[in-house]
Amino acid sequence: MSSDSGEGTQVASSQPSESRRPVYRVESTGNFWHDAREAFKRISIADDFQRLGEMPCARNSLMSGIASGVGVGVIRIMSAGFLVGSHWAVGTFMVVSLGTWTVCQRNIEAERRKLQKVVEEMPNRFIKQKDKTIDESGGS
């Protein structure tokens with residue numbers, strides 16, 4: 001517990017060809033505070049923003065939220081003043097971004113379920129086709 005010998009850890013290589021996925025500790029040292037501190041050191045907000053385009057639905061949701069927030073904010077600024085309009089812009093951005101992200105994630109999950117169902121039923125289709133060919137050849 002006194003020192004980290006590096007056992008049970010994975011080290012990310014510095015080769016640029018590998019993806020920049022997070023590296024997780026496989027085994028803990030048994031010391032909660034030490035493990036938490038080591039995990040917190042790996043969190044990098046700058047890396048998260050660089051990989052924002054790789055996250056499913058993030059780009060489209062943010063773009064929709066930004067466009068909606070600017071539109072509603074400009075309209076409210078013209079009618080009610082800057083402070084009220086800016087509040088409406090931020091609120092609209094948040095609501096639209098979260099809403100479109102939720103809908104997109106739901107659609108991705110539904111597509112995954114359909115794909116999983118097709119993959120699970122694939123062997124049954126081949127069995128049915130074999131049975132048909134045996135019945136057709138045996139009936140002649």
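Reader: Start with confidence. What's the mean pLDDT?

Author: This is a predicted model, and the mean pLDDT of the protein is 78. Of its residues, 74% reach 70 or more.

Reader: Where is the pLDDT below 50?

Author: Over residues 1-17. That stretch still has 14 contacts in the model beyond near neighbours in sequence. Where pLDDT is low, though, the predicted coordinates should not be read in detail.

Reader: Ok, and which elements have the lowest and highest mean pLDDT?

Author: Helix 1, residues 32-41, has the lowest at 72. Helix 3, residues 58-80, has the highest at 95.

Reader: What share of the residues is buried?

Author: Of the 140 residues, 11% count as buried. The protein exposes about 11,700 Å², with carbon and sulfur atoms supplying 61% of that area.

Reader: Now disulfides. How many, and which cysteines?

Author: The structure holds one disulfide. Cysteine 57 is joined to cysteine 104, with an S to S distance of 1.9 Å.

Reader: What does that pair tie together?

Author: Cysteine 57 sits in the loop between helix 2 (45-50) and helix 3, while cysteine 104 is in helix 4, so the link ties together parts that are 47 residues apart in sequence.

Reader: Left-handed or right-handed?

Author: Left-handed, because the torsion about the S-S bond is about -70 degrees.

Reader: Are the two cysteines buried or exposed?

Author: Cysteine 57 counts as buried at 8% relative accessibility. Cysteine 104 is partly exposed, at 24%.

Reader: Switching to charges. How many salt bridges turn up?

Author: A search of the whole structure finds one. Glutamate 109 pairs with arginine 112, and their closest N and O atoms are 3.8 Å apart.

Reader: Where do those two lie?

Author: Both are in helix 4 (residues 82-138), three residues apart, about one turn of the helix. Glutamate 109 counts as partly exposed, at 35% relative accessibility.

Reader: What does threonine 92 touch?

Author: Leaving aside neighbours within four places in sequence, threonine 92 is in contact with Ser68, Gly69 and Val72. Threonine 92 lies in helix 4.

Reader: Why does threonine 92 count as buried?

Author: Because its relative accessibility is 14%, and the cut-off for buried is under 20%.

Reader: And alanine 67, buried or exposed?

Author: Exposed, at 52% relative accessibility. Alanine 67 lies in helix 3. Its C-alpha is 9.5 Å from that of valine 96, which is 29 residues away in sequence.

Reader: Last one: which residues make up the nonpolar surface patch?

Author: Leu62, Met63, Ile66, Val70, Val74, Ile75 and Met78, giving a patch of about 670 Å². Leucine 62 is in helix 3 and is partly exposed, with a relative accessible area of 31%.

Methods
Residues numbered from 1 in each chain as written. Predicted model: local features only at pLDDT ≥ 70, side-chain atom pairs only at ≥ 80, totals over all residues. Heavy atoms only, no water. pLDDT = per-residue confidence, 0-100. Helix = DSSP H or I, 4+ residues; strand = E, 2+ residues; numbered from the N terminus. Contact = heavy atoms within 4.5 Å. Buried < 20%, exposed > 50% of the residue type's maximum accessible area, 1.4 Å probe, protein only. Areas by Shrake-Rupley, 256 points an atom, 1.4 Å probe, with all protein chains shown as cover. Salt bridge = Lys/Arg side-chain N within 4 Å of Asp/Glu carboxyl O. Patch = residues over 30% accessible without salt bridge, like charges linked within 9 Å, V, L, I, M, F, W, Y side chains within 5 Å. Disulfide = S-S within 2.5 Å.
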